[in-house]
Amino acid sequence: MGSFCLLRSRCFLRQASPGLSAVLRRQYSLSISADLVRTQGFIGGRWVSAPSSFPVLDPATGKEIASVSDCGPQEARDAVNAAYKAFYSWKQQTAKERSILLRKWFDLLTQHKEDLAKLITAECGKPMKESLGEIAYSASFLEWFSEEARRVYGDIVPPAAKDRKILLLKQPVGVASIITPWNFPSAMITRKVGAALAAGCTVVVKPAEDTPLSALALAVLADQAGIPAGVFNVVPCSRERTPAVGEVLCTDPLVGKVSFTGSTATGKILLKHAAGTVKRVSMELGGHAPFIVFDSADVDKAVQGAMASKFRNSGQTCVCSNRFLIQSGIHDQFVEKLGKAMDAELRLGHGSEPTTTQGPLINVRAAEKVEHQIADAVSQGATVLRGGKRLEGSFMEPTLLANITTDMLCTKEETFGPLVPVLKFNTEEEALMIANASRVGLAGYFYSRDISQIWRVAEQLEVGMVGVNEGLLSTPEASFGGVKQSGLGREGSKYGIEEYLDVKYMCLGGLTP
C-alpha cells in the first residue's frame, strides 16, 4: 500500500510565544495511505472528475494541501439520479443486511483511525488527540445505527370495527441530501448517513468546502465495506459553487429529505428551497450556549467543565459555551481558577504536535470575527484577563474577559472561537432571563449542588440539550438537536432514524369476525 504526503509550509506568527514560533517554523509532512486520499467526486460508485478544481488549505499555514474536483449543479444532479436508482434495490435489502454493511464500515473506520485523524488535522487544524476522538465518535454512529437498523418497528393498532386490522408501517423516505459543516468533517456525516442508510435511504453528501478530504475518505471505506454503488455519493465543491449545488440538492424532485448542519442563516435559505417541493427536513443550526455557575456549585468541577466545553476544537463547536454567567458569591473565585487553568492547560500550536491543545481557527475570517467581538467588548468596558490578541494567520489567543454586559456583541451572537466572556449575576431568575434571551437554543450548561434548583433550571432553560454538572454532552445514545432557531428534528439516539422514515397506515378490511 502506497502513502500520500501532505506537506505543510512554514508559518510565522507575530506576538507568539517563542515555543509556538519554533513549532510553526518546522515543516510538517503527514504520511497517509494513498488509498484514503481522494480528490474526485464519488458518484454512483465511480470516482468522477469535474471540469475545474478548488484548493484545500492547511488552516495553520494557509498553504494548499490538495486540489479537489469542483463539482457543480450537473454533478449534483448526476449524484441524485444515482442515489435514486440505487434506492429501489437498497430499500429491498433486509434490515439485517444493511446492519451488517454498516458494521463493516464501522470496523474499517476503526482500523484506519490514525490516517483518518491525520486527514482531519490536515484540513481542519484540530490537535491529533481531538481528531482521534472525532474518528471514534464518527465510527460510533455507524455502530449505533447498524444496531438501530433492526429496531425499526411498526405498530398494530386495535381497530374500532371487528372486520378490519390496522397496521402502521415505517418506510424509508427516499434519497436524502446531506449537507455538512467543516468543524466535525467526519462525525457530522456519519451521524446523518448512518441513520439514513439504516432506514433504507440513499444519500448525496455535500461536504464543507474547507474539509472535503474526510468525506471522500469515508466514501473509500464505504465502498470497501461493500455498500452498493449509488447508496453513498459525495459531491465536493468550492465556496463559489456551494449555493448552486445546495439549491439542486434541496429542490430536485427526486430528493425526499434534506439534512443540514450549519448556520441558522444558511438553514433558512435551504428551508425556502426545500419548501417548493415540501421535502422532509432536519436542521441542526447555530447555538449560543449559556454556561451558568451558581453559588452552590463545586467551583473546581465547574472550571473543569468550562475548559472542556469552551476550548474543544478551539471553541469551534455548535455546542460550545458562549456566555459564562457566574453568580456573584463565587464569581471572583471562579474567574481566578479559570485563568490559572487556561495558563496551565492550553498550548497553541500545530495540530500535529503532541503538546498542542489549541490549533488554528478554520480560516482568517473566523479569527477576524473573534477579534471583532473582543474589540467591541473592550470598547464598552470589558477587561482582558487572559489573551486577547490575534496572531498571524488564523491563530487566536485563548481569551478571558471580565466585566461583560448584555450590550456587548459576544453576548448576542455565536463566537465560534476561544473566547470566554464572563457576566456576573445575582439571582437564579436573572440568570435564566439572560440565558433565554436568545433566538437560538441548542445547548446549555449549569453547575449546582442544589437538587431543587437543578430541576427548576433544567426545565426552564430554553435549549434542546442540557448539561448539568457536565461540560461534554455528545454521545450516539442521546438525541442531538435544538429549539427556537437552532433547528428542526433530532440526530443520534433512537429518534435519529425516525427522521428518515415515513409512517404508512394500512387498513386490512373485509375480515370475518
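Me: Contact means heavy atoms within 4.5 Å of each other. Which residues does Ser493 touch, not counting residues up to four places away in sequence?

Reply: Ser493 touches Trp144, Phe145, Pro476, Glu477, Ala478 and Ser479. This is a predicted model, in which local features need pLDDT of at least 70, side-chain atom pairs count only at pLDDT 80 or more, and totals for chains, interfaces and linings use all residues. Residues are numbered from 1 along each chain as its sequence is written, and side-chain values use heavy atoms, with hydrogens and water left out.

Me: Why is Ser493 called buried?

Reply: Its relative accessible area is 2%. Buried means under 20%, exposed over 50%, and partly exposed in between, with a 1.4 Å probe and protein chains only. So Ser493 counts as buried. Ser493 is found in helix α15 (residues 493–496). Helices here are DSSP runs of H or I with at least four residues, strands are runs of E with at least two, and both are numbered from the N terminus.

Me: What makes Val204 buried?

Reply: Its relative accessible area is 0%, so Val204 is buried. Val204 is found in strand β10 (residues 202–206). Leaving aside neighbours within four places in sequence, its contacts include Ala79, Val80, Ala83, Ile178 and Leu249. Ala83 is 121 residues away from Val204 in sequence. In space the two are 6.9 Å apart, C-alpha to C-alpha.

Me: Why is α2 called roughly parallel to α8?

Reply: The axes of α2 (residues 73–90) and α8 (residues 242–251) come within 8 Å and cross at roughly 25°. Axes are lines fitted to C-alpha atoms, for helices over the stretch in contact, and angles run from 0 to 180 degrees between N-to-C directions. Under 35 degrees counts as roughly parallel, over 145 as roughly antiparallel, 65 to 115 as roughly perpendicular, and the rest as oblique. So α2 is roughly parallel to α8. Pro73, Ala76, Arg77 and Val80 of α2 meet Ala244, Val245, Val248 and Leu249 of α8.

Me: What makes α3 oblique to α7?

Reply: The axes of α3 (residues 95–111) and α7 (residues 212–225) come within 8 Å and cross at roughly 130°. That angle makes α3 oblique to α7. Among the residues that meet are Leu101 and Trp105 in α3, and Leu218 and Leu221 in α7.

Me: How do you know that the span of α6 agrees with its 13 residues?

Reply: The expected span is 1.5 Å times one less than the number of residues. For α6 (residues 187–199) that gives 18 Å, and its end C-alpha atoms are 18 Å apart, so the two agree. Just after α6, Gly200 takes a positive phi of about 105°.

Me: Why is α6 called largely enclosed by the rest of the structure?

Reply: Because 13 of its 13 residues are buried, α6 is largely enclosed.

Me: What makes α5 roughly parallel to α6?

Reply: α5 and α6 pack at an angle of about 10°, with their axes 8 Å apart. That angle makes the two roughly parallel. The contact includes Tyr137, Phe141 and Phe145 of α5, and Met188, Arg191 and Ala195 of α6.

Me: What do the buried residues of α10 pack against?

Reply: They pack against α5, β14, β15, α11, β18 and β20. The buried residues of α10 include Val299, Ala302, Val303, Met307 and Phe311. Helix α10 (residues 299–311) reaches 18 Å from its first C-alpha to its last, close to the 18 Å expected.
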